[in-house]
Amino acid sequence: MFTTPGSIVAMLLVVYIAKVLQVILSIVLTAKYDNVQSSHRAASSEGKDGKKLGFGAKTVQRAWNAHQNSWEAFAAFSAAVLLALQTVGDSKELNVLANAFVIVRFVYNFVYILAFNDLLAVFRGVTFVVGLGFVLQIFALAVGDNWANLSAF
């Protein structure tokens with residue numbers, strides 16, 4: 001799939017794929033793209049006019065949220081991978097974990113955008129936990145047997 005350093009670039013692409021999907025969905029489902037308020041007032045379930053958001057606007061909102069969440073995941077993932085590359089070097093285990101994370105986050109974004117019912121929302125939560133598990137495994141791989149040395153920080 002990707003090299004280990006390449007998985008960081010791939011995850012960055014996942015971040016921007018979510019943004020591109022948000023723009024496309026905005027144009028297709030709401031017939032407009034508001035570059036001034038592209039978050040569609042993320043803190044509210046209401047549009048600019050005070051009315052409840054419809055299905056299209058809610059879907060665009062979820063795409064925006066997936067994009068923002070991807071940035072958060074990218075930060076932890078890239079830190080974990082870079083630390084592991086520095087401490088243990090590139091290994092097959094690290095490569096598998098990094099690629100698995102990228103795949104899970106790609107799926108997560110689509111599930112996040114499509115999570116219009118409770119079942120899909122639960123699946124979104126499961127994919128989030130699985131991805132988090134991969135990041136924690138990468139951090140554990142990076143630290144290895146050096147847990148005792150961490151107390152020096």
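Buried residues make up 39% of the 153 residues in this protein, where buried means under 20% relative accessible area, exposed over 50% and partly exposed in between, with a 1.4 Å probe and protein chains only. The model is predicted, so local features need pLDDT of at least 70 and side-chain atom pairs count only at pLDDT 80 or more, while totals for chains, interfaces and linings use all residues. Residues are numbered from 1 along each chain as its sequence is written, and side-chain values use heavy atoms, with hydrogens and water left out.

**Overall layout**
- The protein has four helices and zero strands; helices (H or I, at least four residues) and strands (E, at least two) are DSSP runs, numbered from the N terminus.
- Of the contacts with a separation of 6 or more, 71% join residues 24 or more positions apart; contact means heavy atoms within 4.5 Å.

**Helix H1**
- At the N-terminal end, Thr 3 caps H1 with a side-chain oxygen 3.0 Å from the backbone nitrogen of Gly 6.
- Just after H1, Ala 31 takes a positive phi of about 60°.
- The buried residues of H1 include Ile 8, Met 11, Val 14, Val 15 and Ala 18, and their cover includes H2 and helix H3 (92-114).
- An α-helix has 3.6 residues a turn, so residues three or four places apart point the same way.

**Nonpolar cores**
- The largest nonpolar core has 23 residues, and among the members that touch the most others are Met 11, Phe 77, Val 81 and Phe 101; such a core is a set of buried Ala, Val, Leu, Ile, Met, Phe, Trp, Tyr and Cys residues joined through side-chain atoms within 4.5 Å.
- H1, H2, H3 and helix H4 (118-143) each give two or more residues to this core, and H3 gives the most, with seven.
- A second, separate core of seven residues includes Val 60, Ala 63, Ala 66 and Tyr 108.

**A close look at Asn 69**
- Asn 69 sits in helix H2 (residues 55-87) and counts as buried because its relative accessibility is 15%.
- Leaving aside neighbours within four places in sequence, Asn 69 is in contact with Arg 105 and Tyr 108.
- The side chains of Asn 69 and Arg 105 are joined by a polar contact of 2.6 Å (a pair of N or O atoms within 3.5 Å; within protein, one must be able to donate a hydrogen and the other to accept it, and residues adjacent in sequence count only if both atoms are side-chain atoms).
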